[in-house]
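Good morning, everyone. Today I'll talk about salt bridges. Please have a look at the screen.

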Amino acid sequence: MSSIHTYNFPTHIRFGPGARAKLTAELTALGIQRVLIVTDRDVAQLPWFPELQASLAAFGAVTFSGVWGNPVVSQVNAGIDAWKASGADGIVAVGGGAPMDVAKAIALMANHPGHLFDYEDGHSTRPIDQPIPPIVALPTTAGTGSEVGRSAVISDDDTHAKKIVFDPQLLPQVVLADPELLLGLPAKITAATGMDALTHLVEAFLAKGFNPLCDGIALEGIHLVAENLQACVDFARRSQAGEAFGEAAAAHLAARGGMLNASMMGAIAFQKGLGVTHSCAHALSTVYDTHHGLANGVMLPAAMRFNLSAAPERFLRMARVVKPGATDGQEFIDWIVGLSESIGIPASLGALGVTPDGLGPLVAVAMKDGCHPLNPKPVIEKDFYAIYQDAF
């Protein structure tokens, strides 16, 4: 029996060890003749990447690997130049959230005029009305879930301000979710991206509004994080220490698969909305260029302490997912704190280089962020100061 499972939400997802072997068949089914591979400079150095490139020789594959860190417009512009030079008619996006978002931005600008930020969600000065080339996505981290998302988050090179470009056509046509591609992920990246996935799930469940479909997906995703994130980090630490897994290799693969699904579920669930954690984290990425998942992980406990009084029943439901006998929503926050400590997420903003007397610029950026209006508890300026101070 095949270990590759297929499901649609609404992206066509092929999940399971070895799913990447379906790539050429999926490209052919989409009618793609030439591809641009979009990835980051670290993924391009991984031992399996040349094999993937070689598998696309019949598609005249050209690789653009000029992505790193929090993606910025200049990376997108370089990718657009590569797209034009390649003569491609489709994109294969390989990596974490950064190359996924850059790939979407390249696809958007392939046939649209002007500057990328002319198409910023909520501030667009130009219509998205031209064809967008198809994207096939192969995620190599379990965090943003950008492979099943309809938006790209790109920062301004100079101000580092994050801009969101959104359109349903940016959704990749196919996702090949292969947990084997995550086996070599370092412990720190495993932890930070895992906390990103958890934050998406938690904030989606707490977000204002009625969407029981997203709520159900979020709760199951939280369960998958509780079952698998600690194991993934432990396996990554053992791997970095040079241990051979032997019979435990199957357990490592299963844990990576669990987190890969949790990540996708987080991105699907936050169609409902996000909250104050993301506004705080976006500010950290803007002002300090902090990795997004790490910023979410550091801010999540303080943000949840702020939110608890506004949604005690929802916190209790989440607590019972991770601890079936829970009787109080505070137990969920306690679980987050314990998990963060165990997987190596810093317990204080100070570890990120933030000082208590430097909160003004963070609060100014967070106040303007578009995530906190859907937070279950209204957030005003003094609240942002209090949340950041609590995070020390």
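How many salt bridges does a search of the whole structure find? The search finds twelve. A salt bridge here is a side-chain nitrogen of Lys or Arg within 4 Å of a carboxyl oxygen of Asp or Glu. Side chains of opposite charge can pair when their charged atoms come close.

A word on the source. This is a predicted model, where local features need pLDDT of at least 70 and side-chain atom pairs count only at pLDDT 80 or more, while totals for chains, interfaces and linings use all residues. Residues are numbered from 1 along each chain as its sequence is written, and side-chain values use heavy atoms, with hydrogens and water left out.

Start with D234 and R237. Their closest N and O atoms are 3.8 Å apart. Both residues sit in helix α6, residues 212-240. They are three residues apart, about one turn of the helix. Helices are DSSP runs (H or I, at least four residues), numbered from the N terminus.

Now, buried or exposed? Buried means under 20% relative accessible area, exposed means over 50%, and partly exposed is in between (1.4 Å probe, protein chains only). D234 is partly exposed, because its relative accessibility is 33%. R237 is partly exposed too, at 36%.

Next, R238 and E243. Their salt bridge spans 3.1 Å, N to O. R238 is at 28%, so partly exposed. E243 is at 44%, also partly exposed.

Then K323 and E331, which meet at 2.8 Å, N to O. K323 is partly exposed at 46%, but E331 is buried at 19%. Elsewhere, salt bridges that share partners join R20, D178 and E180 into one network.

Note on methods:
Helices (H or I, at least four residues) and strands (E, at least two) are DSSP runs, numbered from the N terminus.
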